[in-house]
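Colleague: Could you walk me through this model, one step at a time?

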Amino acid sequence: MQLDTLWQFMQVDMEADGFEAKMRQSANRQKLLKQRDFLRDQQANMKKLENDVTVMQDRLAAVQDEADRLEKVLASLSEELENNPPATPEDVQKQSEAVRKLLDTLSRYEQELQKMRKDADTKDRQQKEIRVRAAKTKLEFDQLKLAYDKEFKEDTAKLQAMRANTEQEARKIEPKLLAKYRSIKQHCTPPMAKLINNQCSGCFMSLPSATLLDIRSGDRIVECDNCGRILYDAGE
Ligand SMILES: [Zn+2]
């Protein structure tokens, strides 16, 4: 008798558990989680790009400063040459060598600056793309969140009703038996199995005749030696 009630109770208990599991697997929920992860990734990408740009800007400013300084050196060197033209061919050679070196260095800096500006443009474009993508996803996320919140609220109410019903059914069961059911459920669910063809229908182990006798006598609760489920003889 007790086991009939427990079996009935298990049906509503399993139904509520199943519903809760379904809630967790909701398509909207899964999609929201994915979008949330995507937005987090984009934030991390943005942060990295911002750091890169900061480093690049510092470097750009430093190279620019150095180029400016060399321009000044070059200007004063030209002025010097105009005011005091070199007297000997050796001096001419020496001065033009110095000017050539300066111009070489300046041209190298200019190339580097150009490359850095191009890199900065690329990163700028990447940032814009990320912003657009993230904004689009955020919009979708917010809309989906609204739908999901509604779904979640309804499902939660439904689950609460199911759980309340389960609690009510639980009151019909002897507390010791219910405690046993719950402890088995910790490691094995559903925690009861019907006896079918002298087998435990939870793990399909054939039961020894002594166990079968025990079950049929109905004197005590018998658990499956193999899976630990409470064996239930529905008389089928
Ligand atoms: Zn079993």
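Modeller: Gladly! Domain bounds come from an automatic or database domain assignment. This is a predicted model, where local features need pLDDT of at least 70, side-chain atom pairs count only at pLDDT 80 or more, and totals for chains, interfaces and linings use all residues. Residues are numbered from 1 along each chain as its sequence is written.

Colleague: How far apart do the C-alpha centres of domain 1 and domain 2 lie?
Modeller: The protein chain is divided into domain 1, residues 8-172, and domain 2, residues 176-232. Between the C-alpha centres of these two domains the distance is 58 Å.

Colleague: How many residues of H2 are buried?
Modeller: A residue is buried if 20 or more other C-beta atoms, placed from the backbone, lie within 10 Å of its own, exposed if 12 or fewer, and partly exposed in between. H2 lies largely in the open, because of its 57 residues the number buried is zero.

Colleague: Is Asp124 buried or exposed?
Modeller: Asp124 sits in helix H3. Its C-beta neighbours inside 10 Å number 12, so Asp124 counts as exposed.

Colleague: How do H1 and H3 run relative to each other, roughly parallel or roughly antiparallel?
Modeller: Axes are lines fitted to C-alpha atoms, for helices over the stretch in contact, with angles from 0 to 180 degrees between N-to-C directions. The axes of H1 (residues 2-24) and H3 (residues 89-170) come within 9 Å and cross at roughly 160°. Angles over 145 degrees count as roughly antiparallel, under 35 as roughly parallel, 65 to 115 as roughly perpendicular and the rest as oblique. The crossing therefore makes H1 and H3 roughly antiparallel.

Colleague: How many residues of H4 are buried?
Modeller: H4 covers residues 175-187, and its end C-alpha atoms are 19 Å apart, in agreement with the 18 Å it should span. Lys176 belongs to this helix, and with 10 other C-beta atoms within 10 Å Lys176 is exposed. H4 is hardly covered, and among its 13 residues the buried count is one.

Colleague: What distance in space separates Lys176 and Ala75?
Modeller: In sequence, Lys176 and Ala75 are 101 residues apart. In space, C-alpha to C-alpha, they are separated by 99 Å.

How values were computed: Helix = DSSP H or I, 4+ residues; strand = E, 2+ residues; numbered from the N terminus. Expected span 1.5 Å × (residues − 1).
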